[in-house]
Amino acid sequence: MQVVVLNGVNLNALADRDSDLYGGVGLDDLETKIYAWGRELGCSVRCLQTNSEGQFIDWCHDARSWAKGVIVNPGAWTHYSYAIRDALELFKVPVVEVHLSDIEKREDWRRVSVIADVVTKRVIGKGPDGYREALVFLTHKGNDAS
Ligand code: DQA
């Protein structure tokens, strides 16, 4: 099973962001963990990160032809990007929204997710382990185990 992990805006700078919220883990370490979990769960993972909204959307469109499951953490785009919402809505395979921090317990504007109603599952506030939970969900839900 092939899974795409799309991390969005400012997630490249994770190591330098508020460690109380994001755990002080860098994107490289996060992706290393995700690749290891993918191997453990027997799925082939491709991690991508960009600060360009257009690139994020292009990767969504491209992944429609090969990904059997999708994990997205769009960062701040989560809270206002209807363009990313529309791109995610095109997927016919399960999409999991992941946030490292508990956005439900932060500022009012962060509690809004414009993608929440087009995703299959949400994993919020579990730090890096949230990506593992998403992978576990997808590997049990995916309809193609190859
Ligand atoms: C985030 C939460 C967003 O509100 C924030 O803008 C991020 C990261 C998270 O993973 O907790 O960049 O998506």
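This briefing covers the ligand site and the aromatic pairing of one structure. The model is predicted. Its ligand takes up the space of the largest pocket.

**Around the ligand**
- Eleven names make up the surroundings: Arg17, Tyr22, Asn73, Gly75, Ala76, His79, His99, Leu100, Ser101, Ile103 and Arg110.
- By type, this shell holds 4 nonpolar, 5 polar and 2 charged residues.

- Asn73 places a polar side-chain atom 2.8 Å from an oxygen atom of the ligand.
- His79 has a side-chain N or O atom 2.7 Å from a ligand oxygen atom.
- His99 also has a side-chain N or O atom by a ligand oxygen atom, at 2.8 Å.

**Aromatic pairing**
- The count of aromatic pairs is 1.
- Phe56 and Trp77 form this pair, with an edge-to-face arrangement.
- Planes over 60 degrees apart count as edge-to-face.
- Phe56 belongs to helix H3 (residues 53-63).
- Trp77 lies in the loop between strand S3 (69-73) and helix H4 (82-89).
- The pair therefore ties together parts that are 21 residues apart in sequence.

Terms used: Residues are numbered from 1 along each chain as its sequence is written. This is a predicted model: local features need pLDDT of at least 70, side-chain atom pairs count only at pLDDT 80 or more; totals for chains, interfaces and linings use all residues. Side-chain values use heavy atoms; hydrogens and water are left out. A residue is near a molecule or strand if one of its heavy atoms lies within 4 Å of it. A polar contact is a pair of N or O atoms within 3.5 Å; within protein, one must be able to donate a hydrogen and the other to accept it, and residues adjacent in sequence count only if both atoms are side-chain atoms. On a 1 Å grid over the protein atoms alone, a cavity is a set of points where a 1.4 Å probe fits but cannot get out, and a pocket is an open set with protein on both sides within 12 Å along at least five of seven lines; lining residues have an atom within 4 Å of a point. A molecule sits in a cavity or pocket if more than half of its atoms lie within 2 Å of its grid points. Ala, Val, Leu, Ile, Met, Phe, Trp, Tyr, Cys and Pro count as nonpolar, Asp, Glu, Lys and Arg as charged, and the others, Gly among them, as polar. Rings of Phe, Tyr and Trp (its six-membered ring) pair if their centres lie within 6.5 Å; planes under 30 degrees apart count as stacked, over 60 as edge-to-face and the rest as tilted. Helices (H or I, at least four residues) and strands (E, at least two) are DSSP runs, numbered from the N terminus.
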